[in-house]
Amino acid sequence: MAGGGFLLSFRWTDALAAPLPESAAGEVSFNSYLSISPDNVITILSPNPEVGQNIKTSFPMIVAEELDADWKNVKVVQANLDTQKFNRQATAGSGAMQHSWDRLRKAGATARLMLMEAAAKRWNVSSATLTTENGFVWHKESGRKLNYGALATEAATVAVPTEVKFKEKKDYKLIGKPIHNVDNAEMIMGKPLYGLDVYRDGMLLAMIERPPFGTKIKSADVTAAKAMPGIVDVVVFKDKVAVLGKSTWQVTKARKLLKVEYEPDGAVESTTDHDRLMKQLLDKQDVKPSRKDGDVDAIFKTAAKVITREYQAPFLSHACMEPMNFFAHVRSDGVELIGPAQLPEDTRKNVAKLLGVELEKVTLEMTRMGGGFGRRQRSDYSMEAAELSSLLKAPVKVMWTREDDMRGGQYRPAMRYRFQAALDAEGNWIGYRMRGVGVNSGNSTRPDHFPAGAVPNFLVDSVDHKSPVTTSPWRAPSENFLGFAEQSFFDEIATAANRDPIEYRLSYLDKAQKTPVGAVKYDIDRMKGVIELVAEKSGWGKNKKVFQGFSAYFSHGSYIAQVAEIEMQNGNPVLRKMVAAVDCGVVVNLSGAYQQVKGGIIDGLGHALYGEVTLKEGVPDQKNFDTYRLIRMKEIPDVEVYFVDSAINPTGLGEPALPPAAAALANAFFKATGKRLYNQPFSKEEAMKGVNLGQSS
Amino acid sequence: MANYTLQINNKNYRVDVEEDTPLLWVLRDNLGLVGTKYGCGIAQCGACTVHLNGIAVRSCVLPVSAIGTKKITTIEGLSANGEHPVQKAWSELDVPQCGYCQAGQMMTAAAFLSKNPKPSFEQIEEAMNGNICRCGTYHRIREAVALAATKRK
């Protein structure tokens, strides 16, 4: 046989998720984010959980920019949960950049001033005569320079300046550039980075059988499973049955021998129940409006034309490629948690509460996440690990299989919307009524969205049905479907008024600007800006051989307009291209930003086309990727992305590109075929029968 | 339980596991080669792709008893220092988002390019269509496979 001798003594400790590196000798800390070693290694801690939104690269870029550091000397380290040092270590609502922009800039800018001050003392010159560039402090007059490492120890003794001036956009050297993902080198080598990659000596692997929604355990016979080789224990807890063992495969096999019977514990619901309930809720009387302008009832009575449309969305799985998992080691002196968490502070609190231990005794190490999409904002799976570790008095890693993830997990709430528009005899839009309903959807509306401010008689409200089916935020919560429904409806209004949808939208944005009714909470100029940009870049209306659909949406502080382009090939509509114009303020990392928008659009299209979880008596029909279809390479259109050149503080980009994508597609589909799409997944709509949008010539 | 000698990344490993254990779990649980990922367990997503005598296979459904003396390559063994054309292209085009599926994507691409060194756009799509990326990095993956083809000697 080729190769060397036998490697026999493998230890799990050799395969740990990357631990925090030891501090370099003499490393000097400047603030929570930044330390510099005498040998000139600039270490920047990135405090927020990384799910693929690229925050681990973008955050340190901002510190390095204001520091004037040489990016080549920057070492980025994922911080653990540390509420003393950091604020909002969270991945939620595309809010990280808005929250931390000034904090990160300040961390870099104050350290830069301290380094300059140290150099001024060393050279006995005024700091006003000094400049910085690429990791050096310069005294240009005398030609002297020192790198940051050489000044770090002295600089740390300088008083931290209270006032700093941030760079102007024109002076940026890193921000706005395509800086590559700091984890690329490890990812392409297959290094352990994820929660599922955590292995420890003595660790038990756990898989858990969970009850169908709305049921509890009636009886559990675990004898056969427990007798299987490699099984350490089988534990019944909280209507769940956990099988624990030394190897994943042995646990998998033993689990199949569990005999668990369930009985109802609350409502046991099916998708047919939800469909019926949602339709009923659309007609519910005496609902408190979320926003009301003018007199909607009166205007709808006198309108020349009323358009009413309804749109429905199914439950969706988050389908993170890395299924839920967590490592916990509950010891007498403290609790060690390692794994994927979008809200690590919540996770720690929930675990501390569950175990009845002090918060300070719980540490949490954040791993890179194989996707999150909102699912990992919940602590259910980390609490399972903590509870089992506490019961078994051993380190435990809980692993959900794909089937667990899809069947017993958390879903994007199912939703249904009814939109109504009143037009006068000239086609003017004079009344608007919208209701959102859903299963655990909370307020599924955004009452201050366009056409708020532009249409004088306006009413938005929402109702939800409380269900035992567990739901959680799913990339761009509510908006992921509202964006489609709303932007499809607006296209119908423009069509009914015999107007071009872009021209029609701009005219109502004008109206909201000049004669606003009620509060206008979106920036009309920025909205117009992206619409005009997408019209220009897509060549809107110029190519008569293609069918274009338009949408424009504001969410998470960012403005995005999209145009989808369909081409007819032998009578089949083929989605060729998506064009997006984006205003998210300053673009921090151009490479990451392009991919967030492209990926968001692909995700939005894929789920609108295929995504669906249906239930029969609390049990999901879809169990894995054979029945829960995700979009694949052959089905994607080209995507062009254009950013508005802006100096406004950066806003969210992980979510905003998704909501408008399906509407642009549906509106183009209407132009191409004369048929509207109202319900997702589109693949089940009558209008899509025999259509293959991804078919190439 | 049975003993198996596996040749992985040009090294020999001896493991004592049940004969129906999928290679994926031998790699991850027994050998600490965790670069190969679990995504679905039913050969639908491609996250667990490894090479068996140079052919891309789904390790989540490949029982260890079926391997025999065939040579296994995992992402850890694709190159010593990340210098395989596919790895270089992935890095150069900044492909990964969350990164979880990318080892499988790269292993599929590497096996494909060794059989088809100068692929067309359509052939790349056909070859890569079995690998799911939930983040939607497909454009960059497609471009990286094409770039890797130009880097092969």
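Let's start with a local detail. In chain A, strand S7 and strand S8, residues 144–147, pair in the antiparallel sense over four bridges. This is a predicted model, so keep that in mind throughout. Within that pairing, Trp138(A) stands opposite Lys145(A) in S8(A). The two strands form a hairpin, with four residues between them. Look at Gly143(A) in that turn: its phi is positive, about 75 degrees.

Now the other side of the story for S7(A). Strand S6, residues 131–133, pairs with S7, residues 136–139, in chain A. Again the sense is antiparallel, here over three bridges. Thr132(A) has Val137(A) in S7(A) as its bridge partner. S6(A) and S7(A) also make a hairpin, with two residues between them. In this turn, Asn134(A) has a positive phi of about 50 degrees.

Step back to chain A as a whole. The chain holds 16 helices and 30 strands. How compact is chain A? Its radius of gyration is 28 Å, close to the 26 Å that the globule rule gives for 697 residues, so chain A is as compact as a globular protein of that length. The C-alpha trace spans about 80 × 80 × 55 Å along its principal axes. Of the 697 residues, 54% count as buried. Then sequence separation. Take the contacts in chain A between residues at least 6 apart in sequence: 78% of them join residues at least 24 apart.

Next, the interface. How many residues of chain A are in contact with chain B? The count is 57, against 54 residues of chain B. On chain A, four elements each supply at least two residues to that side: strand S1 (6–7), helix H4 (184–189), helix H6 (248–255) and helix H15 (590–610). H15(A) gives the most, six residues. By type, the chain A side divides into 28 nonpolar, 17 polar and 12 charged.

Last, chain B. The domain assignment gives domain 1 (2–77) and domain 2 (85–151). Their C-alpha centres lie 21 Å apart. The contact between them takes 15 residues from domain 1 of chain B and 12 residues from domain 2 of chain B. On the domain 1 side, strand S3 (49–52) and strand S4 (55–58) of chain B give two or more residues each. S3(B) has the largest share, three residues. That domain 1 side divides into seven nonpolar, seven polar and one charged.

Methods: Residues numbered from 1 in each chain as written. Chains lettered and ligands numbered in written order. Predicted model: local features only at pLDDT ≥ 70, side-chain atom pairs only at ≥ 80, totals over all residues. Contact = placed C-beta atoms within 7 Å. Nonpolar A, V, L, I, M, F, W, Y, C, P; charged D, E, K, R; others polar. Rg over C-alpha atoms; globule rule 2.2 N^0.38 Å. Buried ≥ 20, exposed ≤ 12 C-beta atoms within 10 Å, placed from the backbone. Domains from an automatic or database assignment. Pairing = 2+ DSSP bridges.
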